[in-house]
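Subject: Structure handover

Hello,

Here is the structure for your set-up work. My notes on what was found in it follow below.

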Amino acid sequence: MDIDRIFKAPKLPVGSLKRKMPDNPTPEMLKRLKADATLVPQVSNEQKKARAVTVEDELEEDTDFAPGGDADYFAEEDEEGRFYGGGLTQEQKQILNIFDSAAGEGPSNEPEELSVTSIRRLLLKFERAVNKNTDQRSKYPDDPTKFIDSEADLDLAIKSLLPLSQVPIIAYPELVKTGTLNHLTGLLTHENMDIVIDVVELIHELTDEDVGADEEREETEEREEPLKLLVDNLVENSIFDLLIDNLKRVNEAEESDRQGLFHILGIFENLVGLSPELSTTLASNSRLLPWLLDRIQAKTHDENRSYAAELLSILLQNNTGNRLQFSQKDGVETVLKVLSQFRRRDPVDPDEAEFMENLFDALCSALSEASVKKLFLESEGPDLMVLMMKEKIQSRSRSIKTLDYAMSGSHGSAVCTAFVEAMGLKTLFSAFMGKIQKKKSASAPPSEDLSHILGIISSLLTNLPSDAPERIRLLAKFVENNYEKVDKLLDIRDSARARLKVTDTEIEGDKKEMMENEEMITDEDQDLWYLRRLDGGLFTLQTVDYILGWIIMEDDGIRAHALQMLNRKDQDLKSILQTLRIYHDNVGEPDDHDSDEPTQKQILDSLIKALDS
């Protein structure tokens, strides 16, 4: 009996039992392969008949196909030359290990710490990806299959630069020095919108105000220099124009494009936040403001509509040039049109409420300019604000604030007259009397609405002509109902005095401490203390005494009643004059004052003389 012949292994079938993998496997195939790798391969009945049972087969019954999922477990051959490996090439093993690492099941390596060397390696890889994609697109412009792989590589190369925001001190100078920033901004004109969105997301991350926040606190100033270097180079590479060009390319029906637009607006906010002077540069592009005004008029509300309103508000803050451009592009009428939808309803959610707030803030900022006040009047802004004041909804407070801004200053006279003609006095004093200060503690500051209402009354007394019917109607409001509105003013005055007394006590304590430490009290200290007093009740006291001064001077009945109420609290007209003198000594003059109109200092001087006579 030939023992060797009996136990000799039969030849394997021609067809392998293991599934073959293509050279470039898909993720789905890899997952299926991984699942199959833990199972013993099943052999059909026909294949069982085609071979005899061997000793090796008996041993294999208790052996897993690949213990631990290790693709190299069966790398060795047995004595007969048979191979029990996984059937994977080396490249395929590496790919499988990458997927295992991502799932936390295979070998996991901690990402290396970013250094100058590793950063340069990333930048070099990115540059090669850009050059390869550019070359293939130029060679095969009409055959996407020729450059699709290079486009995928470019996508990965761009995303690999996202961690650079964690180390701005060493990464940003390299971005500029190697010319990578030039390549990035150049890709904003790429034909593939997905690549553009990748670049936008990267720049948004690099310019975020919290870049490098994980670094030491003492390096904050050190981080500002490379960030400024990055911003300056972005501006030199016309980042604003390139991003604005893409506003029209974005298709917001697609989720990725919608996110891309959000990041574009985010870049604008980041750059202006880092360098406020760039708001002029940004708004100087003739296409941006019209786009923002058009975007806020969208019928459906979303986060990008809110962001457009927020950016509009940012651009109009403390920037006369941007406000004038806003007025020239029908911005006032557009914003009033959008705000009119909140005349009878509240915003549906916090996001829409923020949208409404930003539009009111933008309008208030713009109303600092005389030309905008005129357009506000022509667009029937006072009428709309009065209608909003009548409704007890969220827009009521914002409309009061807007009227305060519109009626202030010498250029607000026409708006004051229009406000009275629109029957605004009844609504205004209804709001003024609606909140009883006595229910609050004496040290509580006045509400924001009350502060703006006092501002409106102050502007009416300043701007309405002395013999105008509108002024007579205003004074009549203080006389009606047994001078109840004068009493309300005196209550507000007492509250402001109580708050100011606490603030003055704190300031005296600071002065005493400085004298004990032999520290010199400078003019800057005096200015800071005056600002503290304004915030601590002096501003409200000045506004109330300014109003009391006017109505006491103009109506004998009001004068008698007010002095009687003051005497009950051991006060008199001199305390009002003292407040007005402090107001007079510290009031500033606006830069755009009309020489034909008296300044606020001149008005205060005349009022003090009239009361003191």
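The charged end of Lys146 sits over the ring of Tyr140, 5.6 Å from its centre. A charge counts as sitting over a ring if NZ of Lys or CZ of Arg is within 6 Å of the ring centre and within 35 degrees of the ring normal. Lys488 does likewise with Phe432: its charged end lies over that ring, 4.9 Å from the centre.

Before the rest, the ground rules. This is a predicted model, where local features need pLDDT of at least 70, side-chain atom pairs count only at pLDDT 80 or more, and totals for chains, interfaces and linings use all residues. Residues are numbered from 1 along each chain as its sequence is written, and side-chain values use heavy atoms, with hydrogens and water left out.

Aromatic pairs

Phe432 also belongs to one aromatic cluster with Phe429 and Phe478. Rings of Phe, Tyr and Trp (its six-membered ring) pair if their centres lie within 6.5 Å; planes under 30 degrees apart are stacked, over 60 edge-to-face, and the rest tilted. The structure holds six such pairs. Phe240 and Phe268 make a tilted one, with 6.0 Å between centres and 50° between planes. Phe240 lies in helix H12 and Phe268 in helix H13 (residues 255-274), so the pair ties together parts that are 28 residues apart in sequence. Helices here are DSSP runs (H or I, at least four residues), and strands (E) need at least two; both are numbered from the N terminus. Phe240 and Phe268 are both buried. Buried means under 20% relative accessible area, exposed over 50%, and partly exposed in between (1.4 Å probe, protein chains only).

Phe429 and Phe478 form an edge-to-face pair: 5.4 Å centre to centre, 85° between the planes. Phe429 is in helix H24 (residues 424-434) and Phe478 in helix H26 (residues 469-516), 49 residues apart. Both Phe429 and Phe478 are buried.

Whole chain and cores

The protein chain has 30 helices and zero strands. Of its 613 residues, 42% count as buried. Contact means heavy atoms within 4.5 Å. Among contacts with a separation of 6 or more, 73% come from residues 24 or more positions apart.

The largest nonpolar core has 136 residues. A core is a set of buried Ala, Val, Leu, Ile, Met, Phe, Trp, Tyr and Cys residues joined through side-chain atoms within 4.5 Å. Those with the most contacts inside it include Phe268, Ile296, Leu312 and Phe478. The largest share of this core, nine residues, comes from H10. Apart from it lies another core, of five residues, among them Ala496, Leu500, Leu538 and Leu541.

Why does the span of H10 agree with expectation? At 1.5 Å a residue, the 14 residues of helix H10 (residues 193-206) should span 20 Å, and its end C-alpha atoms are 20 Å apart. The expected span is 1.5 Å times one less than the number of residues. In H10, 11 of the 14 residues are buried, including Met193, Asp198, His204 and Leu206. At its start, a side-chain oxygen of Asn192 reaches to within 2.9 Å of the backbone nitrogen of Asp194.

H12 (residues 239-247) is also mostly covered, with seven of its nine residues buried. Among them are Phe240, Leu243 and Asn246.

Single residues

Gln571 is in the loop between helix H28 (556-567) and helix H29 (573-586). Gln571 is buried, at a relative accessible area of 11%. A polar contact of 2.5 Å joins its side chain to that of Arg493. Such a contact is a pair of N or O atoms within 3.5 Å; within protein, one must be able to donate a hydrogen and the other to accept it, and residues adjacent in sequence count only if both atoms are side-chain atoms.

Glu380 has a positive phi of about 60°. Glu380 is in the loop between helix H20 (370-378) and helix H21 (381-390), and is exposed, at 53% relative accessible area. Met423 has a positive phi near 65°, in the loop between helix H23 (413-421) and H24.

Best regards
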